[in-house]
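Please view the sequence and the structure together while reading.

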Amino acid sequence: MSEARAGAAAPEDLAALESLEAELDERWPETRIEPSLTRIAALMDLLGSPQRAYPTIHVAGTNGKSSVCRMADALLTRMHMRVGRTTSPHLQSVTERIAIDGEPISPAGYVRTYRDIEPYVQMVDDSSVAAGGPRMSKFEVLTAMAFAAFADAPVDVGVIETGLGGRWDATNVIDSQVAVITPIGLDHAEYLGTEITGIAGEKADIIKSTSVAVLSEQRPEVSEVLLRRAVEVDAAVAREGSEFAVLERRTAVGGQMLRIQGLGGVYDDVFVPLHGEHQAHNAALALAAVEAFFGAGMDRKLDDDAVREGFAALVNPGRLEPVRTAPSVFIDAAHNPHGAGALAAALSGEFHFRRLVGVVAIMADKDVRGILEALEPVFDELVVTHNGSPRCMSPAQLSELAADVYGDDRVHVAQSLPAALESAVELAEEVSGPGEEISGSGVVITGSVVTAGLARTMLGKEPT
């Protein structure tokens, strides 16, 4: 029986979920990794290797991973496959991490899944501690829960997003049929280093001898690392710009229309309900991954209508997501300079605002200045705030950095996200003189996945 969410959760189930989250939060956080797969591999053995009960598509990279996973999920679902999808981090509820049939697992299902594997988690904890090591991390436990839930469902295919890196990521106990690498840039430097080729090497490790490697366009030095790994393990390769590509894109109401060269042929009139050129490239990557999964190749296309319907049904929260009108309010989870640059390009290329105000709360361990600089060309005013996370930079410190980039007169401070949104709306609706139209203004809330999730909750959006 599916554990996907069905209707509103009972209060007791929500209370049990909250209690379990407090319990799991006592473990190593997701932002801390150790170069070892020993614990997760041991747990998989104890559970009977649930990750091998279904074929998988494995997705690594710096930006676009969650979007590609959701796109692949939507396409596979339309092709009558039962899909298990795990992505991270979540926007609003941890239950989003484990999705079956396109829906997050229910709170009761989430708790039950953990309690089912808890005795085995404890065995691994005890063994590791006895050997002088740590207990399992929260991410390791969540990964095991997803693999177990998918096997129990059961699903026909798992779409698996890495957490940090690839080589030592807990998800890397799978031998995927398709290994997808999205654009690679600098992020999580404290764990992955500051050399982009080194980061690429970590992420390339998800490419196995069992895989077709589906690679997005990359810097030349990154492509070299990825292709070297594919040669080492004798994996087949499909490269964006060679075997597949976006042939044409044009802005449409609510998204964009694409013409995509896939592995098996050209797909015309594909509507993707997302904005930005980066999402067009994500769509081509996801389509090629699904083609590779089904063994599509020269003159072996997927069904055109199924592809169109799959993309049209896509739901991708927190990615330049419109959540309010008059003024227009958007939420975007950009949390590094590369993502912020893609957001800025989409805003400038596809929208024409009379005035655009940014609301940002950013984690202190990120490249804060890089994010601010990437967004500066598109924001007329900036409201800095806090998203409630202990990792978030204080509004006072963020305003100082922002003032260096935007100038004092364009930066405003609010101590909470609700206050920041209220301030931003007022700024967006300001007019410079009598008779000036107030329409055509907008607000974008961004800077962190946590910020995006909090904004969705504040504005009444359900987790999805």
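## Crossing of H1 and H4

The crossing of H1 and H4 is left-handed, a term used when the near helix is turned anticlockwise from the far one by less than a right angle, clockwise being right-handed. Helix H1 spans residues 11-24 and helix H4 residues 107-130; their axes lie 8 Å apart and the packing angle is about 45°. H1 is therefore oblique to H4. Angles under 35 degrees count as roughly parallel, over 145 as roughly antiparallel, 65 to 115 as roughly perpendicular, and the rest as oblique. Axes are lines fitted to C-alpha atoms, for helices over the stretch in contact, with angles from 0 to 180 degrees between N-to-C directions. Helices (H or I, at least four residues) and strands (E, at least two) are DSSP runs numbered from the N terminus.

On the H1 side, the contact (heavy atoms within 4.5 Å) involves Asp13, Leu14, Ala16, Leu17, Leu20, Glu21, Glu23 and Leu24, and on the H4 side Pro107, Ala108, Tyr110, Val111, Tyr114, Arg115 and Glu118. This contact of H1 with H4 comprises 10 nonpolar, no polar and five charged residues. Here Ala, Val, Leu, Ile, Met, Phe, Trp, Tyr, Cys and Pro count as nonpolar, Asp, Glu, Lys and Arg as charged, and the others, Gly among them, as polar.

## Basis of the model

The model is predicted: local features need pLDDT of at least 70 and side-chain atom pairs count only at pLDDT 80 or more, whereas totals for chains, interfaces and linings use all residues. Residues are numbered from 1 along each chain as its sequence is written, and side-chain values use heavy atoms, with hydrogens and water left out.

## Two further helix pairs

Helix H14 (residues 417-428) packs against helix H15 (residues 449-458) at an angle of about 80°, the axes being 11 Å apart. H14 is therefore roughly perpendicular to H15. Leu417, Pro418 and Leu421 of H14 meet Thr451, Leu454, Ala455 and Met458 of H15, giving six nonpolar, one polar and no charged residues.

Helix H11 (residues 337-350) and helix H12 (residues 368-375) have axes that come within 8 Å and cross at roughly 10°. The two helices, H11 and H12, are therefore roughly parallel to each other. Pro337, Ala340, Gly341, Leu343 and Ala344 of H11 contact Gly370, Ile371, Ala374 and Leu375 of H12.

## Cavities

The structure contains two cavities of 30 Å³ or more. A cavity is a set of points, on a 1 Å grid over the protein atoms alone, where a 1.4 Å probe fits but cannot get out; lining residues have an atom within 4 Å of a point. Grid points are joined across faces, edges and corners, and a volume is the space filled by probe spheres set on the points.

The largest cavity holds about 100 Å³, and residues including Ser66, Arg70, Ser88, Pro89 and Arg319 line the largest cavity. Its lining has three nonpolar, four polar and four charged residues. The second largest cavity has a volume of about 80 Å³, and helix H5 (residues 138-152) supplies the largest share of its lining, four residues.

## Backbone geometry

The Ser88 to Pro89 peptide bond is cis, with omega near -10°; Pro89 is in the loop between strand S2 (83-86) and strand S3 (99-100). The Ala153 to Pro154 bond is also cis, with omega near -15°. His80 has a phi near 70°, a positive value in a residue other than glycine.

How values were computed
On a 1 Å grid over the protein atoms alone, a cavity is a set of points where a 1.4 Å probe fits but cannot get out, and a pocket is an open set with protein on both sides within 12 Å along at least five of seven lines; lining residues have an atom within 4 Å of a point.
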